[in-house]
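Good morning, colleagues. Please turn to the sequence and the coordinates as they come up on the screen.

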Amino acid sequence: MIHVIEKPQKTIICLEPNRSATWQQTKTAILGLSAFMMVIGIGWLIAGVWIILPFVLLDILVFSYFFYRVCEATYRRQFIVIEPKTVSVQSGIRQLGGIKKYKRPCYLLIHKRRSLSHLECFSLADDAEVQPIGNFLNEDDLKYLRLALVKYGLLEINQEWWKPKTTVNRLHY
C-alpha cells in the first residue's frame, strides 16, 4: 500500500505491505489451531500413544513462530521524503530506524529480473550509496511506486543499461 503526502517543498511517500490479517486476528488463528491440535494430541494420549504429544507441542511451537514472523513482517514501513536538495529514506517494523539521505540528483535504479515471473526490484541511489526500496510490495504497488518516484523528480535508470532488451520469439535474419 502506498500513500503519497504532498506538502510545500516536500513529498512523503509511505510504503507498507498489504495486510490480510491484523495481529489480533493472527493470535485468534494461532489459539484456535493450537486448541484443535491439543485436542488431537490429548486424544492420542488418552488412547495410550503418549509419544504423539511432544510432536504436537513441537508442531504448535513451529507454526506459531512462523505465523508471528509473517504477521510481524506485514507491519514493516518505509518512508521516502523527497525535498528539492535531498531524498531521504527511513524504514522499520516497530519503530523507524536511522535516516539515509541522498543528495540530488537521486536515481531510481531498476534491477534486472532473474526471470519473467520475478518482480522488479528498485533501489534509490546517488553517486555514493544505494538503498533497496519497496521489496515487500506487490506488483501493482511497485508500478505505482515507480510512477510516483519519477513524477516527483527522480531519474529512472536501468541497472544494466548497456544490455539490449531481449524479446521472446525474436526472429534472427
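Predicted model: local features only at pLDDT ≥ 70, side-chain atom pairs only at ≥ 80, totals over all residues.

The protein chain has an average pLDDT of 85, and 91% of the residues score at least 70. Where is confidence highest, and where is it lowest? Helix H1, residues 23–46, has the highest mean, at 94, while strand S9, residues 155–158, has the lowest, at 82.

I turn now to the aromatic rings. The structure contains three aromatic pairs. One of them joins phenylalanine 63 and phenylalanine 67 in an edge-to-face arrangement: the ring centres lie 5.4 Å apart, and the angle between the planes is 80°. Both residues belong to helix H2, residues 52–73. Because they are four residues apart in that helix, about one helical turn separates them. As for accessibility, phenylalanine 63 is buried, since its relative accessible area of 13% falls under the 20% cut-off. Phenylalanine 67, by contrast, is partly exposed, at 32%.

Another pair is formed by tyrosine 65 and phenylalanine 66. Their planes meet at 70°, with 5.2 Å between the ring centres, so this pair is also edge-to-face. Tyrosine 65 is partly exposed, with a relative accessible area of 44%.

Terms used:
Residues numbered from 1 in each chain as written. Heavy atoms only, no water. pLDDT = per-residue confidence, 0-100. Helix = DSSP H or I, 4+ residues; strand = E, 2+ residues; numbered from the N terminus. Phe/Tyr/Trp six-rings, centres within 6.5 Å; stacked < 30°, edge-to-face > 60°. Buried < 20%, exposed > 50% of the residue type's maximum accessible area, 1.4 Å probe, protein only.
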